[in-house]
Amino acid sequence: MRFLVNNAQMRAAEKYCDERFISYFEMMENAGNAMAGRIIAEYKPCAAAVLCGSGNNGGDGFVIALRLLERGFRVYVILMNGEPKTDCAREHFSKLPRNIVFEFSEDEKKCAAYVQNAEIVVECVFGTGFHGELPENAAELFSVANERPVRIAADVPAGVDSDSGEFDGRCFKPTRTFMLAAMKRCVTVPDCRDILGELELLDIGIAEECFSEYEAILTDESFRECLPKRSPTSHKGTFGRLLNIAGSLCYCGAAAMSTKAALRTGAGIVTLAAPVSVVRTLGGSVTESTFLPLPETDEGFVGEDSQKNIIDVLKKATAVCVGCGLGNSEISRKITEFVIGNADCPIIIDADGINSIADNINVLKGRAGVAVLTPHPMEFSRISGISVSEIQKDRVGAAKRFAREFGVIVVLKGANTVVTDGERVFLNTSGNPALAKGGSGDVLCGIIGGLLAQGADPLRAAVCGVYCHGYAADILAREMPQACVLAGDIIGALPRVFCSFK
């Protein structure tokens, strides 16, 4: 299990660990050894500058420097704020040869030259302790460091506020950040996440039970828990009936991809309810689905009185998806509200389903079944009344508050997608920018719908669906450039995802 924490929660976990398991000194040693181990495994001995602060983050740096020195690296330790002030850091500092240690305040030009000549720069200055603005001389040194080919930050880069995700534009910009023990809250802020480079979480020996409080659990390899068992005597009815109300003449692809994704995820029977023209268009290509033709407008969108057509199928469904490519109209609103009010099974509301109820969001409080909403930030802004910029500053908090108020499950899409039921919060760890393409959301909706139709717990289905979706993109990114991945490729990669989690 992995956790997302704020500074106070991290300090509490460290204190608990020190009192009951391993000491602060051992945690520091574990952190330094873990980071040094990664560097030694990936880079040949070369010149390495280790920038150290006067607190415990600097102590991590002293351990790193000693391990690199032992393995033949040419190491320069630069004390950014003088000698260490904490007992643990002082003890590790005492083990360093003094001829590799340099005080930044005594000769800034010489220190800058050491950094400029280093192939690797390891930054251990503030960790989670930074707030406000960087000192001018430190910012100038980071400017030099940011030109080096390999830049590694310990826990949180200098100049980044680990809680708010705000950062000084002159901050250290790592190519790689090693976060220690738990992910820090700043990773959920998109602009900040771009600063962190490649991100890796390292274990430093803090037991799971030390985290009594946390903001989220980071999901990883949990998809197998959501897959229903398939007995030899099972049949298509065993694995549920999904009603997918989707599509319009302009957006046939959304209906096709959400339907195919649900089928590929294992739903036994998937019925696509769509305007007549969409059914005619897709009938020869989505051959495994059944179809429910709906009345349509002259523009090819779903027409009046469509509710009458879907009621019988709705009663038999074990899950319903509504909104993919449906079009944002008064009729779409009526259908979405009809489904919310009449479905006894779980509902997934996506895209135009979300947009259509934005002006009457309280309809969610009168529903019969569990509701899963899958908005991107702009859609979430419409239904929550919060600006996109405010949402992106606190994705976890915004999603959690909305889910709690309306009693729904929110899947707030984006890098590190947030999934919450208002109490429990999960942050996704899979996926990459290959998903930044039209149709990806339709595929995700279909995956979650397919899992729900088979009887998966709604929150688990949302969490595992998001993880599976991203994991498929990770598989594909190893085979082709991310820019070349299509939403349909994600569906094609699902069998490999399933095989990975047998």
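User: Why are α16 and α17 called oblique to each other?

Analyst: In this predicted model, helix α16 (residues 440–453) and helix α17 (residues 458–477) pack at about 140°, with axes 9 Å apart. Angles under 35 degrees count as roughly parallel, over 145 as roughly antiparallel, 65 to 115 as roughly perpendicular and the rest as oblique. α16 and α17 are therefore oblique. The axes are lines fitted to C-alpha atoms over the stretch in contact, and angles run from 0 to 180 degrees between N-to-C directions. Helices are DSSP runs of H or I with at least four residues, strands are runs of E with at least two, and both are numbered from the N terminus.

User: What is the handedness of the α16 and α17 crossing, and which residues make the contact?

Analyst: The crossing is right-handed. From α16 come S440, V443, L444, I447, I448, L451 and L452. From α17 come P458, A461, A462, C464, G465, V466 and H469. Contact means heavy atoms within 4.5 Å.

User: What makes up this contact by class?

Analyst: The contact of α16 with α17 has 11 nonpolar, three polar and no charged residues. Ala, Val, Leu, Ile, Met, Phe, Trp, Tyr, Cys and Pro count as nonpolar; Asp, Glu, Lys and Arg as charged; the others, Gly among them, as polar.

User: How does α8 pack with α16?

Analyst: Helix α8 (residues 252–265) makes an angle of about 35° with α16, and the axes are 7 Å apart. The α8 and α16 crossing is right-handed. A254, M257, S258, A261, A262 and T265 in α8 meet D442, V443, G446, I447, G450 and L451 in α16. By class, that contact has seven nonpolar, four polar and one charged residues.

User: Why is V339 called buried?

Analyst: V339 lies in helix α11. Buried means under 20% relative accessible area, exposed over 50%, and partly exposed in between, with a 1.4 Å probe and protein chains only. V339 has 0% relative accessibility, so V339 counts as buried. Leaving out residues up to four places away in sequence, V339 touches I245, I310, V320 and I347.

User: Which strands stand at the edges of the 12-strand sheet, and what makes them edges?

Analyst: The open sheet runs β8-β1-β10-β19-β18-β17-β16-β15-β14-β11-β12-β13, with mixed pairing. Two strands pair if DSSP finds at least two bridges between them. β8 (183–184) and β13 (290–294) each have a single partner strand, so one side of each lacks a neighbour in the sheet.

User: How do you know that β10 is covered on both faces?

Analyst: β10 spans residues 216–219. A216 and L218 on one side, and I217 and T219 on the other, are all buried. In a regular strand the side chains alternate between the two faces of the sheet. β1 (residues 2–5) pairs with β10 in the antiparallel sense over three bridges. β19 (residues 425–428) pairs with β10 in the parallel sense, also over three bridges.

User: What is the pairing in the seven-strand sheet?

Analyst: The pairing is parallel, in the order β4-β3-β2-β5-β6-β7-β9. Six bridges join β2 (residues 47–52) to β3 (residues 74–79).

User: What conventions apply to the model and its numbering?

Analyst: Residues are numbered from 1 along each chain as its sequence is written, and side-chain values use heavy atoms, without hydrogens and water. Local features need pLDDT of at least 70 and side-chain atom pairs 80 or more, while totals for chains, interfaces and linings use all residues.

Notes:
A crossing is left-handed if the near helix is turned anticlockwise from the far one by less than a right angle, and right-handed if clockwise.
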